[in-house]
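Morning, everyone. Let me put the structure up, and then I'll walk you through it.

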Amino acid sequence: MYKVIGLTGGIASGKSTASDYIRSLGFEVLDADVYARKVTEKDSAGYHKIIEAFGTDILDENKEIDRRKLGEIIFNDPEERKKLNGISHPEIRRMMNADQEAFLKHNHVFLDIPLLFENGLDKNCDITITVYVTKENQMERLMERNNLTEKEAASRVNSQMSLDEKKNLSDYVFDNNNDKKELFDQIDEFVEMLKKQQL
Ligand SMILES: CC(C)(COP(=O)(O)OP(=O)(O)OC[C@H]1O[C@@H](n2cnc3c(N)ncnc32)[C@H](O)[C@@H]1O)[C@@H](O)C(=O)NCCC(=O)NCCS
Ligand SMILES: Nc1ncnc2c1ncn2[C@@H]1O[C@H](COP(=O)(O)OP(=O)(O)OP(=O)(O)O)[C@@H](O)[C@H]1O
């Protein structure tokens, strides 16, 4: 039987790095952030609902949703975050489920979902994996990748369940504190077990 494998972690912990490698091995990986971006696309149903809830101040000069502005709001206020989640999460789940069903007919499917445990989506997975880094490494990589101040990075990190907690909740852990090669070796090992149906 084909398996649904939930891949999670924290912001900038290395999920995309892991996912890209898993894809290069020939597996299907569905990325929740990609679906989330569709919800904010100009003139989609989600776009109109978001403007209704947050006002036109979050738009840029081209009437696109300014992701940095919306991020500033939702990563600094749990109530505002809840409001956005209420709009986007049902849409993300609906689109992702439809694709998952299609792919599962002929292969395993990996789901790259940052908020897997926060939203109880681990219940829909046969196996869960956390891509784990220490908070220090996470902050450092996030500040560098997104060009954020320490305060901005901390508000994003603190808007999610801690990686230590996720590590405890998941079936497997990919430790991404060292170089990428070490991460890829752990993935190779996991995939070997998956292929031999030892999981
Ligand atoms: C607020 C938005 C516009 C900021 O966009 P931005 O381009 O800066 O970030 P991006 O979408 O690439 O997300 C980066 C990371 O932030 C984290 N994150 C995003 N949204 C949330 C949230 N609501 N709660 C906690 N963490 C979040 C995730 O780890 C994600 O991987 C965007 O993240 C969004 O629309 N969020 C709501 C949808 C959502 O919950 N997505 C996360 C996974 S489904
Ligand atoms: N082992 C590593 N060593 C050094 N840098 C790394 C390592 N793994 C990932 N990175 C870098 O850290 C940053 C975050 O990685 P990545 O984008 O894969 O994380 P993510 O979990 O997908 O993040 P997000 O949830 O925000 O999309 C990237 O700039 C990436 O190149």
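Helix 1 gives the largest share of the shell around ligand 2, three residues. Helices here are DSSP runs of H or I, at least four residues, and strands are runs of E, at least two, both numbered from the N terminus. Keep in mind that this is a predicted model: local features need pLDDT of at least 70, side-chain atom pairs count only at pLDDT 80 or more, and totals for chains, interfaces and linings use all residues. Residues are numbered from 1 along each chain as its sequence is written, while chains are lettered from A and ligands numbered from 1 in the order in which they are written.

Back to ligand 2. It has 16 residues around it, and K15, S16, T17, R141 and R145 come nearest. Near means that the C-beta atom, placed from the backbone, lies within 6 Å. Helix 1 (15-24), helix 6 (135-146) and helix 9 (180-195) each give two or more residues to that shell. By class, the shell has four nonpolar, six polar and six charged residues. For the classes, Ala, Val, Leu, Ile, Met, Phe, Trp, Tyr, Cys and Pro are nonpolar, Asp, Glu, Lys and Arg are charged, and the others, Gly among them, are polar.

Now ligand 1. Its shell holds 19 residues, with I11, A32, R67, G71 and P114 the closest. Two or more residues come from each of helix 2 (32-39), helix 4 (67-74) and helix 5 (78-104). Helix 5 has the largest share, five residues. The class count for ligand 1 is nine nonpolar, six polar and four charged.

Next, a helix pair. How do helix 1 and helix 9 pack? At an angle of about 55°, with their axes 10 Å apart. Axes are lines fitted to C-alpha atoms, for helices over the stretch in contact, and angles run from 0 to 180 degrees between N-to-C directions. So helix 1 is oblique to helix 9; under 35 degrees is roughly parallel, over 145 roughly antiparallel, 65 to 115 roughly perpendicular, and the rest oblique. T17, A18, Y21 and I22 of helix 1 meet K180, L183, F184 and I187 of helix 9. Contact means C-beta atoms, placed from the backbone, within 7 Å.

Five strands form an open sheet, order 2-3-1-4-5, with parallel pairing. Strands pair if DSSP finds at least two bridges between them. Strand 2 (28-31) and strand 5 (172-175) stand at the edges with a single partner strand each, so one side of each lacks a neighbour in the sheet. Five bridges join strand 1 (residues 4-9) to strand 4 (residues 127-132). I5 has I127 as its bridge partner in strand 4.

Note on methods: Contact = placed C-beta atoms within 7 Å.
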